[in-house]
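Reader: Please show me the chain, and then I will ask about it piece by piece.

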Amino acid sequence: MITFIEKCMRLVPTRVAPKSFLVAFAVILSLVSSQAKAQVSVYSFNESLTGYTPLGGTPRVAFPAPWDNQATVVAPIPFNFNYNGVVYNSLRINCNGFITFGTTATAGNITNPLSNAAAYTGAISPFGTNLVSNGQPIVYGTEGVSPNQTFVIQWTDAVRGTEVGNYNFQIRLHETTNIIDFSYGPCSTTSTFPISPQVGLRGYSNNFAVGNINNRQMAADMVWFGNTTAGTLNNSFVRTVNLAYPDLGLRYRWTPA
């Protein structure tokens, strides 16, 4: 089998000055190294109860209410955000509780952003499942000033499909540090029907074995704080039902290595 390096080396002319050859080889090694390091599994995870702050001012509307499985919306990021080793200046918002990176537009009805095999180059999912509006839009905006801005995407009073109960949560992307926060506000339901969202990060594919998934899972119906563990499969999930939901003020933080 021809290796990636061998393929690249065939692109280097056979008669080349030693210095030029070394430069070309260094570039190839850099590409190989960046591929090897591009794994969301190296992001560290921690959780806390830090409170919830809704977006103030006049945020931009990604999806006006009512929304349900609309096509993804491209939102510009007002700073360079490095996700999984790649710098992005825009992202795609999906109604169903997640965002993606790259040029691939996900279908509006995707509800499994981490295990899905679509060709987007990354996904961030605080609540990946079938969601519909309850009269409130999905919005986004920026807090703070450079170099410490935070780009926020916010779901307000989202409903799990046809089940009763509202869920409030945000994705918060931090400038300079490239830290990712999932921030959860008031969440409640009286429904006894369990729905299992995917929560975590996905890299350039859904291959769990090579470190492209960093997610959470739950073994029983409980509130989320202190009761999830690292996922073991690309489709590992957490739980929502009348006994299981994000605590008010819960923050999941993902920090790049």
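Reader: What percentage of the residues of the protein chain count as buried?
Author: The model is predicted, local features need pLDDT of at least 70, side-chain atom pairs count only at pLDDT 80 or more, and totals for chains, interfaces and linings use all residues. Residues are numbered from 1 along each chain as its sequence is written, and side-chain values use heavy atoms, with hydrogens and water left out. Buried means under 20% relative accessible area, with a 1.4 Å probe and protein chains only. Of the 257 residues in the protein chain, the buried part is 47%.

Reader: How many helices and strands does the protein chain have?
Author: Both are DSSP runs numbered from the N terminus: helices are H or I with at least four residues, and strands are E with at least two. On that count the protein chain has two helices and 15 strands.

Reader: Over how many bridges do strand 3 and strand 4 pair?
Author: Two strands pair if DSSP finds at least two bridges between them. Strand 3 covers residues 73-83 and strand 4 covers residues 86-94. One of the bridges joins Y83 to V86. The sense is antiparallel, and the number of bridges is seven.

Reader: Which residue in the turn of that hairpin has a positive phi?
Author: Strand 3 and strand 4 form the hairpin, with two residues between them. The positive phi, about 55°, belongs to N84.

Reader: Which residue takes a positive phi in the hairpin of strand 4 and strand 5?
Author: Strand 5, residues 98-101, pairs with strand 4 in the antiparallel sense over three bridges, and I93 stands opposite I99. Three residues lie between the strands. The residue with a positive phi, near 85°, is G97.

Notes
Buried < 20%, exposed > 50% of the residue type's maximum accessible area, 1.4 Å probe, protein only.
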